[in-house]
Amino acid sequence: MKYYLAPMEGLTDSVYRTLHHQYFGGVDRYYSPFFSPTEVHRLTARELRELDPDHNPASFVPQLLCKNADDFLWMAGEIAARGYGEVNLNLGCPSGTVTAKKKGAGMLADTDALEVFLDRVYAACPIDISIKTRIGYQDVQELPELLEIFNRYPVKELTVHARTGKEMYRGMPHLDAYEYVTRHTSLPLCYNGNVSTRADALYIGERFPQTRAIMIGRGLLANPALLSEVPVTRTLIRDFHKALFERYSATLGGEHATVGRMKEIWLLMSGMFVQDKKYIKRMQQCKTASELNSAALAMICELPLRQAKEFDARSDTLQ
């Protein structure tokens, strides 16, 4: 089984990807939060940095959120020029601001337009195209038609988030719908949705042996060592925190932005410790770098680390 770090906007950027790979590892592939090319056909300074192979693990795949085939193909060309052999098409983002523009999961609502787009990009793209999708936009009943469409193309890998676009991240994933996918396609499959522990990942692999990869998002940010084979110590976590803080201080352009980003990471990464609400509250209230570092060190030094067996237990987030 292969394991992937899911793209999470504002969290899994090149800094996080590179340092996670350096300190924890265990991830076979890292995906970028989506790039959204426009008709301007010019890369921003941020996009140049995020796509730079020197700023990413070798196992990095850029993701595109795009409904215009010409824009997609231009950006895919830029990605290919930097030595990458694959681009991931985002048909899964459920955000209202995205779907209102008929992008992300919103593209699933118009299958005619989706087919026209896929015809164009698969005919002309210079590198492989993988797809990350939902099981429908409004309803699970849309899945058979969508899967029939995907089956017509040489999809490098189909990652299926087992919820509809309208469901966002609410409720349980539809594992019965994912089972339908496994029975009605020969495309390489990756499962995504509510994998929080090692036992969850093993369950998916055992129940759906056709699955060759599992993509994990919040579960891996809550415990960066989820897939790691290195011993997890307070020193390791402290060093990871210090490296993140220093790199963000150098790249985000100010204390406020650095503190905001680190707070987001820590409010997830606090899952590595036995929870204590007062430590979480202290982290939430941080406004300065000094306060942030003090709150992080307090967690690292004072809270008990969760035992490995707690991360090995099956969670209640899958049916």
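Which helix or strand supplies the largest share of the lining of the largest cavity? That share, three residues, belongs to α6, and the legends below set this helix in its surroundings. The model shown is predicted: local features require pLDDT of at least 70, side-chain atom pairs count only at pLDDT 80 or more, and totals for chains, interfaces and linings use all residues. Residues are numbered from 1 along each chain as its sequence is written, and side-chain values use heavy atoms, with hydrogens and water left out.

**Figure 1. The open sheet of nine strands.** The strands follow the order β3-β2-β1-β9-β8-β7-β6-β5-β4, with parallel pairing. β3 (60-61) and β4 (63-64) are the edge strands, each pairing on one side only. Helices (H or I, at least four residues) and strands (E, at least two) are DSSP runs, numbered from the N terminus; two strands pair if DSSP finds at least two bridges between them. Strands of a sheet pair through backbone hydrogen bonds, either parallel or antiparallel.

Figure 2. Buried means under 20% relative accessible area, exposed over 50%, and partly exposed in between (1.4 Å probe, protein chains only). β6 and β7 run parallel and are joined by four bridges, with Lys 132 opposite Thr 159. Four bridges also join β7 to the parallel strand β8 (residues 189-192).

**Figure 3. Two β-α-β units that share β7.** Helix α6 (residues 143-150) forms a right-handed unit with β6 and β7. Helix α7 (residues 175-183) forms another right-handed unit with β7 and β8. A crossover is right-handed if, with the strands pointing away from the viewer, the path from the first strand over the helix to the second runs clockwise.

**Figure 4. The largest cavity.** The structure holds one cavity of 30 Å³ or more, and the space in the largest cavity is about 40 Å³. Its lining comprises Thr 133, Arg 134, Ile 135, Leu 143, Leu 147, Phe 150, Leu 158, Val 160 and Val 181. β6, α6 and β7 each contribute at least two of the lining residues. By class, the lining has seven nonpolar residues, one polar and one charged. On a 1 Å grid over the protein atoms alone, a cavity is a set of points where a 1.4 Å probe fits but cannot get out, whereas a pocket is an open set with protein on both sides within 12 Å along at least five of seven lines; lining residues have an atom within 4 Å of a point.

**Figure 5. The largest pocket.** About 730 Å³ of space lies in this pocket, which is lined by 29 residues. Pro 7, Met 8, His 161, Tyr 169 and Arg 218 lie nearest its centre. β6 (128-134), β9 (211-216) and α9 (218-222) each supply at least two lining residues.

**Figure 6. Cysteines without a disulfide.** The structure holds zero disulfides (pairs of cysteine sulfur atoms within 2.5 Å). For Cys 66, the nearest cysteine sulfur is that of Cys 125, 11 Å away, which is too far for a bond. Cys 66 is buried at 2% relative accessibility, and Cys 125 is buried at 15%.

Definitions and conventions. Grid points are joined across faces, edges and corners, and a volume is the space filled by probe spheres set on the points. Ala, Val, Leu, Ile, Met, Phe, Trp, Tyr, Cys and Pro count as nonpolar, Asp, Glu, Lys and Arg as charged, and the others, Gly among them, as polar.
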